[in-house]
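Thanks for coming, everyone. Have a look at it first.

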Amino acid sequence: MTRRLLQLWVQPSPRLLLILILLVTTVFTGMATGFSLFYRLAYILTIVTVVSYVWVQFMLRKISVTVVGRPQQIRVGDEVRETITLTNNGILPRYGLEVSDLTDLPDHSGGVAVSVLGRNSVTWDLKVRPRARGLYHLGPLNIGSTDLFNLMHRKTTIGKSENLIVYPRVIDLPNFDLPSAHLYGDSSARRKAHNVTPHASSVREYQAGDSISRIHWNSTARVGKLMSKEFDLGKATEIWLAIDLQKSVQAGEVGDSTDEYLATIAASLAKRYLGFELPVGLVASGDDRYFMGSETGAGQLDRIMQYLALAKADGTTPLEVVLSDYEPLWAHNTSLIVLTPSPRTEWVLGLSELMRKGVNVTVIRADQKSFGGLTGSELVDDAMASYGITSFHINMGDDIASELSQPPVIPNSSSKANYKSGVGAIQ
């Protein structure tokens, strides 16, 4: 849509200050000496200054801009493309106009220099691929003009700012699974059950010993003989994602950061398990407390994606406190996936308490040191091994799908002794 011009101003350059100093100097020198050469030089400097001012004023008159194609939401790695059309409604051409989008997207440098003939227009695309999730702004457009002598620069701002939500990248994790909690309704794959469960999957002929409650009367009436319902184990277990967004344990920058990798994994897991119609919930403590109860459906995935997009790794609450706060939510039918880069060991004890309640715990840990952090992971690995916690490790640059397809990390039996001798070294 076409935007009108706002906020017009002229910005002098350091060269203009030099011209003004020369102008004053030549005038006084001419008055003191009487030499006409100094007066001629003063006239030339005055004319140059006036021409420069008129030039920058004229270049931005009678132009309009149309911007189309701005998205409202995308995912990390997708291309943001906006098509800009600049129209010269005047008779004379406009030269050397500098057009840029005043967006706060990281790594965006979408500025171009264009010239347009009279009664004509020029169109181009500005493109950028966001490297990090978040809430950003596109626009307004900034159009600038500089005179021939680079003495003055005039700017005008066109349009308004529009929001852009960048969701985390989502990747397929076809080979990542959680150990079963051995409860009806726990499996991510349908299996036949001899017990009566809430999930009827098919019908078969009635067999001696089938209870009356198993008879499917509609099928019986249709085929003219008794038909019994078959049941499967269903999909009733809850999947919870707990994401560590404490600022002090993060490492890396922009797209190559621990929180960005973990957000990608969380979004990918949410899509995977919601695709199995398993209820998925989310807890995190970053710049704010983020909580979403476990539900199923495409709407739940949209809500989780929005939470992950807006959550910033600026939190002050340690992971062990987050786990303690939400402990009442998780019981023996819960599978909890903890995503953290933390080199601390305190949260491992919290997970061991949850495991005693029957919670199925899995840890996906981004190795802080590989992202440029200073602390290694040895003590955390030993602590998890001592409590029998299943874990996966992700390093910067890893193929996430490939790493999560590997068997989980199970350190050797000496880990418990190593952990006990080193515990407390990282606080």
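A crossing is left-handed if the near helix is turned anticlockwise from the far one by less than a right angle, and right-handed if clockwise. Keep that in mind.

Some ground rules. This is a predicted model: local features need pLDDT of at least 70, side-chain atom pairs count only at pLDDT 80 or more, and totals for chains, interfaces and linings use all residues. Numbering starts from 1 along each chain as its sequence is written, and side-chain values use heavy atoms, with hydrogens and water left out. Helices (H or I, at least four residues) and strands (E, at least two) are DSSP runs, numbered from the N terminus.

Start with helix 6, residues 319-326, and helix 7, residues 346-356. Their axes come within 8 Å and cross at roughly 20°. Axes here are lines fitted to C-alpha atoms, for helices over the stretch in contact, and angles run from 0 to 180 degrees between N-to-C directions. So helix 6 and helix 7 are roughly parallel. Angles under 35 degrees count as roughly parallel, over 145 as roughly antiparallel, 65 to 115 as roughly perpendicular and the rest as oblique. Their crossing is left-handed. Which residues make the contact? Leu319, Glu320 and Leu323 of helix 6, with Glu346, Trp347 and Leu351 of helix 7. Contact means heavy atoms within 4.5 Å.

Next pair. Helix 1, residues 14-33, packs on helix 2, residues 36-59, at about 155°, with axes 8 Å apart. That makes helix 1 roughly antiparallel to helix 2. This crossing is left-handed too.

Is Val48 buried or exposed? Buried, along with Ala42, Leu45, Thr49, Ser52, Val56 and Met59. Buried means under 20% relative accessible area, exposed over 50%, partly exposed in between (1.4 Å probe, protein chains only). The buried residues of helix 2 pack against helix 1 and against strands 3, 6, 10 and 11.

Now helix 5, residues 298-310. Its buried residues are Gln300, Leu301, Ile304, Met305, Leu308 and Ala309.

Last stop, Ala366, in strand 22, residues 360-366. Ala366 is buried, with a relative accessible area of 0%. Its C-alpha atom is 9.3 Å from that of Gln250, 116 residues apart along the chain. Ala366 touches, among others beyond four places in sequence, Thr258, Leu262 and Phe371.

Questions, please.

Methods: The expected span of a helix is 1.5 Å times one less than its number of residues.
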